[in-house]
Amino acid sequence: MNPDGLLSNLNSSQHAAVSSFADTLAILAGPGSGKTHTLTSRTAWLLAQGLQPWNIIVATFTVKAAREMKERIGKLLGNGLESKLILGTFHSISRRYLARYGHLIGIKKDFGIADSADSLAIIKRIVKRKKFQIDPKVARSRISGRKARGGQNAEKETNKSGAKSFEMQEFEICYTEYEDALKLSNLLDYDDLLLRCVDLLRDHPSCVSNVEAVLIDEFQDTNLVQFDLMRLFAAEKKRITIVGDPDQSIYGFRAAEIKNYKRMLHQYPDTVTIALEENYRSSGAILLAALNVIEQDSSRVAKSLLPTHTVGTRPVLRKLAGAYKEAEWIVTEIQRCVGMSGDLLDLNDFAILLRSAALSRLIETALGKAGIAYRMVGGLRFYDRVEVKTLLDYLRVINQPDNNDALARIINVPSRRLGETTIRALLEEADVRKVTLWSLILGTVQGNKGTTAKLQKSAEQALGKFVNMILTARKKLAAPVKERSSTVDIMNFVLEKTNYERWLEEHQGDAHKARWDNVQELITQATDFEDLVSCGYEDETLPEIGGLKQEEDDNHLSRFLANVALASEVKSDNDEGAPKAQITISTIHAAKGLEWPVVFIPAVYQGSIPHSRAEDTNEERRLLYVAMTRAKALLYMSYPLKNSQSEQTALCPFLSPTTLDKHLEKRGPILNAPTVQSISEILRRAPPTAISILKSSSMLRTLEDNMFPVDGEEGDEAESKMEFPVGGIGYTMGQQAPKRRRVE
Ligand code: ATP
Ligand code: MG
């Protein structure tokens with residue numbers, strides 16, 4: 001391992017940061033300036049200095065970022081040590097500590113994780129039972145907000161007369177009942193993972209006695225609890241490195257605290273702060289357009305960020321006749337760009353970034369029609385698909401039968417002739433008796449007094465079979481290690497016993513094949529995961545304290561389920577070595593820290609961004625800034641003439657035209673249409689051969705025609721006015737299209 005090699009691809013500020021001996025180091029810099037790159041190199045450098053991987057905790061914001069970082073460190077070091085790092089999201093790191101040491105603070109073994117859908121289902125049930133007025137979604141986000149602040153309630157609880165408001169009373173009851181329901185089902189929600197880990201480390205600091213360095217990416221979006229966790233991980237004397245960018249703070253709604261940096265300086269007054277000022281990601285035109293957006297925020301502390309690439313291609317902003325046309329336009333542009341670029345771009349190089357996942361439907365339809373493969377990130381996720389969720393729910397129940405909601409979802413799938421009313425009655429009876437649904441039905445089929453629910457004979461028989469099946473699967477799981485069934489065995493057992501494929505065939509019509517494919521995909525994921533675990537990827541690096549032997553530790557199934565629950569927090573479907581090229585559709589939130597050569601941001605109109613329900617306009621502006629700065633070579637933004645309620649739209653005010661042309665021209669010529677050279681310069685890839693350019697030159701012509709459409713689309717002309725003033729860099733429709741350039 002040669003430490004010099006690690007430092008060779010860094011500029012001087014990055015170099016100083018990577019090899020700093022400061023105890024507490026903060027790297028604050030803009031997008032694309034190499035913060036994550038620096039953090040990765042610093043982790044590798046610490047290893048090269050002699051730290052062991054299990055001495056280092058690295059917290060990233062998304063599962064994908066964690067994986068990428070691990071790969072990059074692997075490449076830098078080339079000795080496989082990266083797999084032993086304690087590296088992941090705050091949630092996954094916390095889960096690992098709780099799985100290993102949770103018993104020290106009374107957390108039951110094999111706890112399940114309630115994802116946001118599970119949490120909502122629990123709250124809905126409470127609201128329904130209590131006949132409350134409160135909106136379950138509002139209640140959920142308030143509960144989460146309160147937990148993210150460490151359980152403190154910062155909201156005003158009283159009205160003017162000093163009495164608790166009606167809604168607050170309902171909320172308080174919901175909160176308490178929700179906590180009880182989680183406890184009863186042995187579930188922890190996302191917030192609990194962090195809070196309980198704080199409890200654990202506060203009471204048992206020896207759990208992290210091996211940790212010597214803590215590194216945190218995307219620090220600007222950490223919340224108070226995560227800040228506490230960082231302090232506890234680091235204890236007294238350890239090294240801390242944080243990287244972040246206040247301009248990219250976009251999780252305020254999740255109680256992320258932009259103030260954490262101030263807290264950091266207060267807590268660790270010797271913190272050394274380093275700035276990085278060069279952007280290595282985007283073309284000059286894209287960067288300056290994005291800066292033009294963020295600089296409108298007068299409350300922001302200005303910092304310098306200079307492009308390292310030439311100006312490149314002017315970002316495009318286009319208004320289309322409707323959302324449907326907009327989706328079609330995006331698809332056509334993708335096809336044209338791929339064709340134009342020869343071998344330079346494939347579908348993996350494109351991303352469509354959305355303000356809200358709900359916008360994806362039309363785009364998905366248009367992509368589907370054109371036969372373009374795509375992966376979804378942070379929106380409707382693979383794990384939410386009904387057939388996948390059903391199989392996962394079976395696994396959850398087998399792992400932890402007290403999970404009321406999972407059990408209620410599968411108890412009649414495939415049909416066991418239990419009607420909706422029977423299931424609701426069972427749930428209510430369980431609630432009244434303060435037992436879990438599982439104990440109630442177990443008691444019923446085993447005829448135990450006091451736990452027996454009244455059921456019809458046929459339903460009781462069907463339930464008996466179901467209970468037996470779950471018990472058998474649990475036995476397979478609890479067997480001594482050598483005979484223990486794997487997760488995949490258990491999945492196959494469930495599919496066979498429920499005759500699931502047949503059931504899909506009979507009930508899902510034409511969709512059954514696609515649904516069965518998804519089931520198979522889940523099995524493949526479980527197989528991959530088992531391979532990963534058996535290679536020592538997980539958990540092995542935590543020290544053995546508290547007398548737990550590895551064998552008694554959580555089983556493969558519960559690890560797999562935890563992995564799924566945490567992955568579906570913010571993760572793509574199947575980005576696990578996806579076989580074919582696919583474009584990415586993501587929410588802007590889930591695209592943080594990532595980059596693509598070509599980025600589309602549709603629906604840039606007022607009401608969508610800034611979102612009509614958003615409270616903080618500056619956060620919406622930062623969101624657009626994050627989206628724009630994901631693009632390396634080409635950036636396309638668009639909006640429809642009318643929104644989904646057929647109301648006239650207005651362009652997002654952050655994008656209002658001003659002229660940056662002069663500013664840009666100082667740095668070199670601005671291109672009005674993409675060229676192979678300008679793309680390859682930014683991607684640092686060799687341009688394609690002359691032959692492939694020739695083959696695609698007709699595509700280039702159509703692309704240019706489209707970008708300067710003197711005759712808009714048929715019938716659209718009056719409505720669909722063209723604009724190209726992104727961040728003000730711009731042309732409007734009346735302007736003459738420049739002469740077509742030849743591609744050399
Ligand atoms: P964000 O704020 O969006 O998370 P970031 O500051 O973390 O951005 P990185 O993702 O680390 O930025 O880097 C952006 C791109 O610049 C990456 O492709 C990275 O490989 C490249 N890069 C970083 N530093 C250098 C460098 N010194 N020389 C060349 N390329 C670099
Ligand atoms: Mg980053």
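**Close-up 1. The loop position of Q582.** In this predicted model, Q582 lies in the loop that runs between α23 (556–567) and β14 (583–587), where helices (H or I, at least four residues) and strands (E, at least two) are DSSP runs numbered from the N terminus. Q582 is buried, with 21 other C-beta atoms within 10 Å; a residue counts as buried if 20 or more other C-beta atoms lie within 10 Å of its own, as exposed if 12 or fewer do, and as partly exposed in between, with C-beta atoms placed from the backbone. Leaving aside residues up to four places away in sequence, Q582 touches L347, N348, A373, Y374 and R375, contact being taken as C-beta atoms, placed from the backbone, that lie within 7 Å. W596 is 14 residues from Q582 along the chain, and the C-alpha atoms of the two are separated by 12 Å.

Residues are numbered from 1 along each chain as its sequence is written, and chains are lettered from A and ligands numbered from 1 in the order in which they are written. Since the model is predicted, local features need pLDDT of at least 70 and side-chain atom pairs count only at pLDDT 80 or more, while totals for chains, interfaces and linings use all residues.

Close-up 2. Six strands, in the order β3-β2-β6-β7-β1-β8, form an open sheet with parallel pairing; two strands are said to pair if DSSP finds at least two bridges between them. The edges are held by β3 (86–89) and β8 (272–276), each with a single partner strand, so one side of each has no neighbour in the sheet. On average, and with direction ignored, neighbouring strands of this sheet are turned by 15 degrees against each other, the axes being lines fitted to C-alpha atoms, for helices over the stretch in contact, and the angles running from 0 to 180 degrees between N-to-C directions. Helix α4 (residues 63–77) packs on the sheet, where it touches β2 (56–60) and β3, and its direction makes about 150 degrees with that of β3. Helix α5 (residues 90–101) also packs there, touching β2 and β3, with a direction at about 125 degrees to that of β3.

**Close-up 3. Strand β2 and its partners.** Five of the five residues of β2 are buried, so this strand is largely enclosed by the rest of the structure. Both of its faces are covered, with I56, V58 and T60 buried on one side and I57 and A59 buried on the other. Strand β2 pairs with β6 in the parallel sense over four bridges, and I57 has V214 as its bridge partner in β6. The pairing of β2 with β3 is likewise parallel and has four bridges, with L87 in β3 as the bridge partner of V58.

**Close-up 4. The crossing of α18 and α19.** The axes of helix α18 (residues 437–446) and helix α19 (residues 457–478) come within 9 Å and cross at roughly 115 degrees. The two helices are therefore roughly perpendicular to each other, a description given to angles of 65 to 115 degrees, whereas those under 35 count as roughly parallel, those over 145 as roughly antiparallel and the rest as oblique. I441, L442, T444 and V445 in α18 meet E460, L463, G464 and V467 in α19.

Key: Two residues are in contact if their C-beta atoms, placed from the backbone, lie within 7 Å.
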